[in-house]
Amino acid sequence: QSRFVESGGGLVQPGGSLRLSCTASGLTFDDYAVGWFRQAPGKERMLVSCISSRSVTTKYADSVKGRFTISRDNARHTAYLQMNRLKPEDTGTYSCGALWLPTPTMSGADICSPANMDFWGKGTLVTVAS
């Protein structure tokens, strides 16, 4: 059974940093693009960032460009999201999604949309507050 387990969430002050991890099991990890998504209370899940299977292509939401960095270690079956200069509006549950896409790159504006993901982790809560 394929699954993701996210970790690294918590409470952080504005301007602080967190590093989220997402570890996969039960799948050929390097055949999948991986996305990080955020869902705030009362709002729809939105794409934060995604990375292609071989780390050639990355995408970011405009709101996090220059602050967040996505990466992956295929040998460890793990994807990461380094979040710096956090803001209160970054608060939400962060989840990993996986899209079967074994090509080194990915294209298309909506390739990493939530509707395209094949499966999900349960998420980790990030709260940015004083």
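This is a predicted model: local features need pLDDT of at least 70, side-chain atom pairs count only at pLDDT 80 or more; totals for chains, interfaces and linings use all residues.

Tutor: Residues are numbered from 1 along each chain as its sequence is written, and side-chain values use heavy atoms, with hydrogens and water left out.

Student: What makes C22 and C96 a disulfide?

Tutor: A disulfide is a pair of cysteine sulfur atoms within 2.5 Å. The sulfur atoms of C22 and C96 are 2.2 Å apart, and the two form a disulfide. C22 sits in strand β3 (residues 18-25) and C96 in strand β9 (residues 92-100), so the bond ties together parts 74 residues apart in sequence. Strands here are DSSP runs (E, at least two residues), numbered from the N terminus.

Student: How do you know that C50 is joined to C112?

Tutor: Their S to S distance is 2.1 Å, and a disulfide joins them. C50 belongs to strand β5 (residues 46-51) and C112 to the loop between β9 and β10 (119-120), so this pair links parts 62 residues apart in sequence.

Student: Why is that disulfide called right-handed?

Tutor: The torsion about the S-S bond of C50 and C112 is about 90 degrees, so the disulfide is right-handed.

Student: Why does C50 count as buried?

Tutor: Buried means under 20% relative accessible area (1.4 Å probe, protein chains only). C50 has 0% relative accessibility, so C50 counts as buried. C112, at 3%, therefore counts as buried too. C22 and C96 are also buried.

Student: What is the pairing of the bonded cysteines, numbered in sequence order?

Tutor: The pairing is 1-3, 2-4. The structure holds two disulfides.

Notes. Helices (H or I, at least four residues) and strands (E, at least two) are DSSP runs, numbered from the N terminus. Buried means under 20% relative accessible area, exposed over 50%, partly exposed in between (1.4 Å probe, protein chains only).
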